[in-house]
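Hello,

Here is the structure for you to look through. My notes follow below it.

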Amino acid sequence: MVLRRTLLSAAGSERLRDVVEKVPVSRAVVSRFVPGRSAQDAVAAARRLVDDGLLVSLDHLGEDTVERAQAESVRDAYLHVLQRLGDDGLARSVEVSLKLSAVGQSLGADGEKVALEHAREVCALAAELGTTVTLDMEDHTTTDSTLSVLGELRVDFPDVGAVLQSYLRRTEGDCRDLAGAGSRVRLCKGAYQEPGSVAYQDRGEVDRSYVRCLKVLMAGQGYPMVATHDPRLVEIAGALAVRHGRAHGDYEYQMLYGIRPDEQRRLAAAGDLVRVYTPYGDEWWGYLVRRLAERPANLAFFLRAVATKG
Ligand code: FDA
């Protein structure tokens, strides 16, 4: 827990990022979790995954945009990658994941409005190309704002997906609110450092909350997206789907690029839909640190690579 907290604070350290970036081998390690920096790298990675029978959600890395011009350039990056997916005939299998803070949510008083406008443009192009957008969920101070933007977007684009985090005490209630027909909800455990007043701190409690939320979503009319690498939760999701008469295409599993790739392919080979969340771009540091914080083995792998070859 202490290690996790320390690592999560490192997510904001630009100095540490610059040190890590200068070690050549660590770039190779980064590519295990982030397949590249450009839209071209992202589309090429998506193509490989789709050829392996997987679905993809592309995430242009970056969050907490502090300038309007930056928010516009993130929006443009999404429009660009969507267009490339369309041109390459990949839009049916590849959607995008969008962080509202990257397109303006944190810009102050009218940040939410700016983010909504930008997200609307991304959703419009995605709809035209025949694909979808899922709004990533960030720390708990943004949850209400993100759900409010989701509600606005769903008026015109009913298939915009939401993310709910089982570590938040409020989430079972949010699952009930979002379990209606056509509602796409990605359920994950949650990746940010949150206080005990709003979030369960004990891993067992987070897992039990995940199962309660999963029950609500699987029993509902929407489309559950089960985002976890946890073998127990994957098994429970499968059993709940059967219990609620859901066929393979009525829900999907989601995992992160580079994490349990064999399991991703095993599930897909068994007929399940599996979507691989694939981040790309220059802003890889915060994302990488969150992955290292989740699993000591990931951290050991990283440090070993840096120590032996760096
Ligand atoms: P956890 O990290 O507890 O791992 C459980 C078990 O999974 C481990 O004990 C091990 O058995 C197995 N496992 C995990 N990593 C492994 C590895 N590298 N190799 C082998 N086994 C491994 N968070 C957020 O706050 N907002 C968001 O929008 C999103 N979006 C999102 C999308 C998708 C598709 C995923 C998969 C995840 C997210 N997350 C997220 C991140 C999420 O909240 C969470 O931090 C991670 O998924 C890790 O949690 P797990 O459920 O995998 O369990």
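Which helix gives the largest share of the lining of the second largest cavity? Helix α6 (residues 111-129) does, with three residues.

First, the ground rules. This is a predicted model: local features need pLDDT of at least 70, side-chain atom pairs count only at pLDDT 80 or more, and totals for chains, interfaces and linings use all residues. Residues are numbered from 1 along each chain as its sequence is written, and side-chain values use heavy atoms, without hydrogens and water.

Now the cavities. A cavity is a set of points on a 1 Å grid over the protein atoms alone where a 1.4 Å probe fits but cannot get out; lining residues have an atom within 4 Å of a point. There are two cavities of 30 Å³ or more. V185 and P224 are among its lining residues.

Those two residues also meet as strand partners: P224 in β6 is the bridge partner of V185. Strands here are DSSP runs of E, at least two residues; helices are runs of H or I, at least four. Strands β5 (residues 184-188) and β6 (residues 223-227) pair in the parallel sense over four bridges (pairing takes at least two DSSP bridges).

Five of its five residues are buried (under 20% relative accessible area, 1.4 Å probe, protein chains only). R184, R186 and C188 point one way, V185 and L187 the other. In a regular strand the side chains alternate between the two faces of the sheet.

Best wishes

Conventions:
Buried means under 20% relative accessible area, exposed over 50%, partly exposed in between (1.4 Å probe, protein chains only). On a 1 Å grid over the protein atoms alone, a cavity is a set of points where a 1.4 Å probe fits but cannot get out, and a pocket is an open set with protein on both sides within 12 Å along at least five of seven lines; lining residues have an atom within 4 Å of a point. Grid points are joined across faces, edges and corners, and a volume is the space filled by probe spheres set on the points.
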